Amino acid sequence: MTRLLVIGPPGAGKGTQAVRLAEAFGIPAISTGDIFRHNVKTETELGLKVKAFIEAGKYVPDSLTNEIVADRLQEPDALSGFLLDGYPRTTDQVLELDRLLDAEGTSLDAVVQIVADTDEVVARLLKRAAEQGRADDTAEVIRHRLDVYEEQTAPLIDLYDKRGVVVTVDGLGAVDQVTDRIVAALAERGLHAVGPTDNVAAASA
């Protein structure tokens, strides 16, 4: 019955850790990006709404994002726990998630904040950009993305920190080491892994 939220800057390995933690705790990893893509691909009613915003070059509004996440959290595999990746992103989304969980008599057990040295993250993302041929990803652009991330997530971290549910973990180092740090930090809060973490396929951050 573990309910987690993972937050981390671009390049810190959040996506990889989300997959590994979901495996370790026996819960589904729920990524809003994946949900959007699935709904668009299968042309669900919600997916068609998302597609309309994307094709118009607009952000998917909070109201629709909330609706899609609420729908996903009602699926059988998420009823006994989940790991959220990419949601909530705003304080309004936090409040909506609170409402959804309150209605079920539950709440988030922990918010895993993955942190990493900015220069190291920039170097990591520049290397990835070069490997993928993304010439537009310059150091300046990457640093701006990191600044935007900090600006957007600071209120969320502050809000959850006041609730005493934030677990901060250094995201630098070998993937296994970072996973072990997170699992150990969660164990200190009485949240224990039920499965292995060393054979999970890595995902992109």
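Thr153 lies in helix 7, where helices (H or I, at least four residues) and strands (E, at least two) are DSSP runs numbered from the N terminus. This is a predicted model, in which local features need pLDDT of at least 70, side-chain atom pairs count only at pLDDT 80 or more, and totals for chains, interfaces and linings use all residues. Residues are numbered from 1 along each chain as its sequence is written, and side-chain values use heavy atoms, with hydrogens and water left out.

Let us stay with Thr153 for a moment. A kink of about 40 degrees lies at Thr153, shortly before the proline Pro155; the bend at a residue is the angle between axes fitted to the seven residues ending there and the seven starting there. In space, Thr153 is 8.9 Å from Gly8, C-alpha to C-alpha, although 145 residues separate them in sequence.

How far apart are the end C-alpha atoms of helix 7? They are 34 Å apart, which agrees with the 34 Å that its 24 residues (139-162) should span at 1.5 Å a residue; the expected span is 1.5 Å times one less than the number of residues. Just after helix 7, Gly164 takes a positive phi of about 75 degrees.

Some residues of helix 7 are buried, including Ile142, Leu146, Tyr149 and Tyr160. Their cover includes strand 1 (3-7), helix 5 (91-103), strand 4 (110-115), helix 6 (118-131) and strand 5 (166-170), with contact meaning heavy atoms within 4.5 Å.

Here are two residues side by side; buried means under 20% relative accessible area, exposed over 50%, and partly exposed in between (1.4 Å probe, protein chains only).

| Residue | State | Relative accessible area |
|---|---|---|
| Thr153 | buried | 12% |
| Glu43 | exposed | 52% |

Glu43 is found in the loop between helix 2 (32-41) and helix 3 (45-55), and has a positive phi of about 55 degrees although it is not a glycine. Another loop, between strand 3 (82-85) and helix 5, holds Pro88. The peptide bond from Tyr87 to Pro88 is cis, with omega near 0 degrees.

Now for the largest pocket, with a volume of about 1,400 Å³. Of the 45 residues that line this pocket, Lys14, Thr32, Gly33, Gly86 and Arg89 are the closest to its centre. On a 1 Å grid over the protein atoms alone, a pocket is an open set of points where a 1.4 Å probe fits, with protein on both sides within 12 Å along at least five of seven lines, and lining residues have an atom within 4 Å of a point. Which helix gives the most to the lining? Helix 7 does, with 6 residues.

How values were computed
Points joined across faces, edges and corners; volume = space filled by probe spheres on them.
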